[in-house]
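Here is a short report on one structure. It covers helices, salt bridges and surface.

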Amino acid sequence: MLSKQKMARINELARKAKSSGLTAEETLEQQQLRREYIQAFREAMVETLHSVTVIDPNGNDVTPQKLKESKKRRQH
(Lines give C-alpha, C1' and ligand atoms only; values in the text may rest on other atoms or scores of the structure.)
Protein backbone atom coordinates (compact mmCIF):
# COMPACT_ATOMS: atom_id res chain seq x y z
CA MET A 1 0.00 0.00 0.00
CA LEU A 2 1.02 3.62 -0.18
CA SER A 3 3.06 5.30 2.51
CA LYS A 4 1.30 7.19 5.29
CA GLN A 5 2.72 10.45 3.93
CA LYS A 6 1.18 9.88 0.50
CA MET A 7 -2.16 8.88 2.00
CA ALA A 8 -2.12 12.00 4.16
CA ARG A 9 -1.34 14.12 1.09
CA ILE A 10 -4.23 12.53 -0.86
CA ASN A 11 -6.59 13.39 1.99
CA GLU A 12 -5.16 16.89 2.33
CA LEU A 13 -5.67 17.59 -1.37
CA ALA A 14 -9.21 16.20 -1.24
CA ARG A 15 -10.10 18.50 1.65
CA LYS A 16 -8.54 21.48 -0.08
CA ALA A 17 -10.37 20.69 -3.33
CA LYS A 18 -13.69 20.77 -1.47
CA SER A 19 -12.97 23.93 0.47
CA SER A 20 -10.98 26.30 -1.73
CA GLY A 21 -10.06 24.47 -4.92
CA LEU A 22 -6.73 23.25 -6.24
CA THR A 23 -4.08 24.87 -8.38
CA ALA A 24 -3.14 23.24 -11.67
CA GLU A 25 -0.03 21.72 -10.07
CA GLU A 26 -2.02 20.35 -7.14
CA THR A 27 -4.59 18.86 -9.52
CA LEU A 28 -1.82 17.03 -11.39
CA GLU A 29 -0.31 15.85 -8.11
CA GLN A 30 -3.71 14.61 -6.95
CA GLN A 31 -4.23 12.67 -10.19
CA GLN A 32 -0.80 11.06 -9.91
CA LEU A 33 -1.35 10.10 -6.27
CA ARG A 34 -4.74 8.62 -7.13
CA ARG A 35 -3.20 6.53 -9.92
CA GLU A 36 -0.56 5.25 -7.49
CA TYR A 37 -3.24 4.45 -4.91
CA ILE A 38 -5.41 2.56 -7.40
CA GLN A 39 -2.40 0.59 -8.68
CA ALA A 40 -1.39 -0.38 -5.14
CA PHE A 41 -4.98 -1.34 -4.32
CA ARG A 42 -5.26 -3.55 -7.39
CA GLU A 43 -1.98 -5.31 -6.62
CA ALA A 44 -3.11 -5.97 -3.05
CA MET A 45 -6.48 -7.28 -4.28
CA VAL A 46 -4.82 -9.69 -6.71
CA GLU A 47 -2.58 -10.99 -3.92
CA THR A 48 -5.62 -11.48 -1.71
CA LEU A 49 -7.49 -13.34 -4.44
CA HIS A 50 -4.50 -15.60 -5.03
CA SER A 51 -4.78 -16.76 -1.43
CA VAL A 52 -8.45 -17.75 -1.83
CA THR A 53 -9.76 -21.25 -2.46
CA VAL A 54 -13.51 -21.68 -2.87
CA ILE A 55 -14.97 -24.81 -1.28
CA ASP A 56 -18.63 -25.83 -1.73
CA PRO A 57 -20.73 -27.32 1.11
CA ASN A 58 -19.71 -30.84 0.00
CA GLY A 59 -16.02 -30.02 0.43
CA ASN A 60 -15.24 -29.82 -3.29
CA ASP A 61 -12.83 -27.23 -4.64
CA VAL A 62 -14.97 -24.99 -6.88
CA THR A 63 -12.42 -22.21 -7.33
CA PRO A 64 -13.05 -20.54 -10.71
CA GLN A 65 -10.73 -21.83 -13.43
CA LYS A 66 -9.59 -18.32 -14.29
CA LEU A 67 -8.35 -17.82 -10.72
CA LYS A 68 -6.61 -21.21 -10.71
CA GLU A 69 -4.79 -20.32 -13.94
CA SER A 70 -3.81 -16.93 -12.56
CA LYS A 71 -2.36 -18.58 -9.45
CA LYS A 72 -0.32 -20.98 -11.62
CA ARG A 73 1.06 -18.13 -13.74
CA ARG A 74 1.97 -16.21 -10.59
CA GLN A 75 3.93 -19.13 -9.15
CA HIS A 76 6.16 -19.52 -12.22
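## A pair within helix H1

Arg 9 and Glu 12 sit 3 residues apart in helix H1, so about one helical turn separates them. Helices here are DSSP runs of H or I with at least four residues, numbered from the N terminus. An α-helix has 3.6 residues a turn, so residues three or four places apart point the same way. Arg 9 forms a salt bridge with Glu 12, and their closest N and O atoms are 2.8 Å apart. A salt bridge means a side-chain nitrogen of Lys or Arg within 4 Å of a carboxyl oxygen of Asp or Glu.

Arg 9 is partly exposed, at 23% relative accessible area. Glu 12 is also partly exposed, at 40%. The classes are buried (under 20% relative accessible area), exposed (over 50%) and partly exposed (in between), using a 1.4 Å probe and protein chains only.

## Basis of the model

This is a predicted model: local features need pLDDT of at least 70, side-chain atom pairs count only at pLDDT 80 or more, and totals for chains, interfaces and linings use all residues. Residues are numbered from 1 along each chain as its sequence is written, and side-chain values use heavy atoms, leaving out hydrogens and water.

The whole structure holds 5 salt bridges. One of them joins Glu 36 to Lys 6, with the closest N and O atoms 2.5 Å apart. This pair links distant parts of the chain: Glu 36 is in helix H2 and Lys 6 in helix H1, 30 residues apart. Glu 36 is partly exposed at 24% relative accessibility. Lys 6 is partly exposed at 32%.

Glu 47 forms a salt bridge with Arg 74, and here the closest N and O atoms are 2.4 Å apart. This pair too links distant parts of the chain, with Glu 47 in helix H2 and Arg 74 in helix H3, 27 residues apart. Glu 47 is partly exposed, with a relative accessible area of 42%. Arg 74 is partly exposed, with 47%. Salt bridges with shared partners also join Arg 9, Glu 12 and Glu 29 into one network.

## Helix H2 and its buried side

H2 has 27 residues, which at 1.5 Å a residue should span 39 Å; its end C-alpha atoms are 39 Å apart, so the two agree. The expected span is 1.5 Å times one less than the number of residues. Buried residues in H2 are Glu 26, Gln 30, Leu 33, Ala 40 and His 50. The buried residues of H2 pack against helix H1 (4-19) and helix H3 (65-75).

His 50 lies in helix H2 (residues 24-50). His 50 counts as buried because its relative accessibility is 15%. Residues up to four places away in sequence aside, His 50 touches Leu 67, Ser 70, Lys 71 and Arg 74. Contact means heavy atoms within 4.5 Å.

## A nonpolar surface patch

Which residues form the nonpolar patch on the surface? They are Met 1, Phe 41, Met 45, Leu 49, Val 52, Val 54 and Val 62, with about 590 Å² of accessible area together. Patch members have over 30% relative accessible area and no salt bridge; like charges are joined within 9 Å, nonpolar side chains (Val, Leu, Ile, Met, Phe, Trp, Tyr) within 5 Å. Areas come from the Shrake-Rupley method with a 1.4 Å probe; for residues, only the protein chains shown count as cover.

Val 54 lies in the loop between H2 and H3. Val 54 is partly exposed, at 34%. Val 62 is in the loop between H2 and H3. Val 62 is partly exposed, at 43%. Neighbours within four places in sequence aside, Val 62 contacts Val 54, Ile 55 and Asp 56.

Key. Helices (H or I, at least four residues) and strands (E, at least two) are DSSP runs, numbered from the N terminus.
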